[in-house]
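Below are my notes on the two-chain model you sent.

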Amino acid sequence: MEQISKLQTAAVNLISKYFGQSTAEIYTHFFSGEPDDVIITSLNEIMVDYVGENKAKSEIDKIVKESSL
Amino acid sequence: MKIVIRPNFIILMAVFLVLLAIYVISPSIRIPQIQAFSLIFSIVASLVGIYTSRIYGFKSTIGRSFILITGGLICWSVAEIIWYVSDKLIEGGATSPSMADIFFLLAYPFFGAGIYYGFTMAKIKLKQVNQSLLVIVLTASLILTYLVVYFILFKAYDSTAEPIANIVNIGYGLGDLVMIILSLMTILVAREYKGGKLASFWKAIALGFLLVLIADIVYAIYGQQFLDDMKPYTYIDLLWIAGYLLPVYGMLENYLHVSGVQKKIKLKLQQRG
């Protein structure tokens, strides 16, 4: 449970960093109660479109690694 | 490689071609309607900037970056308004130095801060940047630096002019040197987001800055012919206008993308109930 919460927070922070606060707030609701794989898939989808494949991968890998610590 | 031409880009090109046609057909650019083009597009750029910044907000780094760059565009708008109004109200036209120059120069710290935020956010690792790209960009930067120093900075100081006039003229030269550094930074940021929508914003800013720089250099060489309303020197104006149109394109593309993401996810939330 703690791990999911960490990933959700990290994912929302990443969205806030690139898409701003208002988009992050919408995703806070969207990610609520969702399993890790759904969060990662959604995050990957919007990040690849916005920052490109390489940057998306490095940013998502970073938060996954940090969240699993 | 698949090339996608965006509708906004087609609109931007159409606007630019109409402007080009007007400049080619019109016997003079010293008529209020044509002189108002820079003013109008600077205001459009500021408004689109404000609109786009709102969607990001000031709390996020990207929001700060957009707001500060918009701040620079607003300074240029204010400068254009002051210049246009004083040119129409003062007998003999607008003079320099004036308050307009102050606002033109004030834009540089805003652009600098905005691009600094964008640059630090991108966390660029220079070792990972394509070395050929780095060589091309650095060579172009050195050539531009030489041209700015030779044609703008060296000519900026006039021992017979008022100190404030010298400060303003040197300020423009230094501002152009800052713009070279900022263009270099924006190209690297755009490269970092290769394949993503965010890259289009940084590419548009980089190209806009480069066109303004080229316009400033050409104006420094052929300024008298421009002031004498001679063609093709009057077309320099189009480069400055393109310097406003490109940020409009970059910001609009990002606004539409982020608002599209928001709409899509709101729809999914509604479907979920």
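1. A definition first: helix axes here are lines fitted to C-alpha atoms over the stretch in contact, and the angle between two of them runs from 0 to 180 degrees between N-to-C directions. The model is predicted, and every value below is computed from it.

2. How far apart are the axes of helix 7 and helix 8 of chain B, and at what angle do they pack? Helix 7 covers residues 197-227 and helix 8 covers residues 236-272; their axes lie 7 Å apart, at an angle of about 170 degrees. Angles over 145 degrees count as roughly antiparallel, and helix 7 and helix 8 of chain B are therefore roughly antiparallel to each other. The contact between helix 7 and helix 8 of chain B involves 20 nonpolar residues, with six polar and two charged ones.

3. Chain B as a whole has eight helices and zero strands, so its element pattern from the N terminus reads α-α-α-α-α-α-α-α. Its radius of gyration is 20 Å, close to the 19 Å that the globule rule gives for 273 residues, so chain B is as compact as a globular protein of that length. The C-alpha trace of chain B spans about 70 × 40 × 35 Å along its principal axes.

4. Of the contacts in chain B between residues at least 6 apart in sequence, 74% join residues at least 24 apart.

5. One position in chain B can be followed in detail. B:A79 sits in helix 3 of chain B, residues 61-89. Is B:A79 buried or exposed? B:A79 has 23 C-beta neighbours inside 10 Å, and the cut-off for a buried residue is 20 or more, so B:A79 counts as buried. Apart from neighbours within four places in sequence, B:A79 is in contact with B:A100, B:F103 and B:F104. B:L142, by comparison, is 63 residues from B:A79 in sequence and 29 Å from it in space, C-alpha to C-alpha.

6. Chain A has four helices and zero strands, in the order α-α-α-α along the sequence. A compact globule of 69 residues would have a radius of gyration near 11 Å, and the 11 Å of chain A agrees with that. Along the principal axes, the C-alpha atoms of chain A fill a box of roughly 30 × 25 × 15 Å. Buried residues account for 36% of the 69 residues in chain A. Of the contacts in chain A between residues at least 6 apart in sequence, 51% join residues at least 24 apart.

7. After helix 2 of chain A comes A:G33, with a positive phi near 80 degrees.

8. Last, the contact between the chains: 20 residues of chain A are in contact with 24 residues of chain B. On the side of chain A that touches chain B, helix 1 (2-19), helix 2 (21-31), helix 3 (36-51) and helix 4 (53-67) of chain A each give two or more residues. Which of these helices gives the most? Helix 2 of chain A does, with seven residues. By class, the residues on that side of chain A are eight nonpolar, eight polar and four charged.

Note on methods:
Residues are numbered from 1 along each chain as its sequence is written. Chains are lettered from A and ligands numbered from 1 in the order in which they are written. This is a predicted model: local features need pLDDT of at least 70, side-chain atom pairs count only at pLDDT 80 or more; totals for chains, interfaces and linings use all residues. Two residues are in contact if their C-beta atoms, placed from the backbone, lie within 7 Å. Ala, Val, Leu, Ile, Met, Phe, Trp, Tyr, Cys and Pro count as nonpolar, Asp, Glu, Lys and Arg as charged, and the others, Gly among them, as polar. The radius of gyration is taken over C-alpha atoms; the globule rule is 2.2 Å times the number of residues to the power 0.38. A residue is buried if 20 or more other C-beta atoms lie within 10 Å of its own, exposed if 12 or fewer, and partly exposed in between; C-beta atoms are placed from the backbone. Angles under 35 degrees count as roughly parallel, over 145 as roughly antiparallel, 65 to 115 as roughly perpendicular and the rest as oblique.
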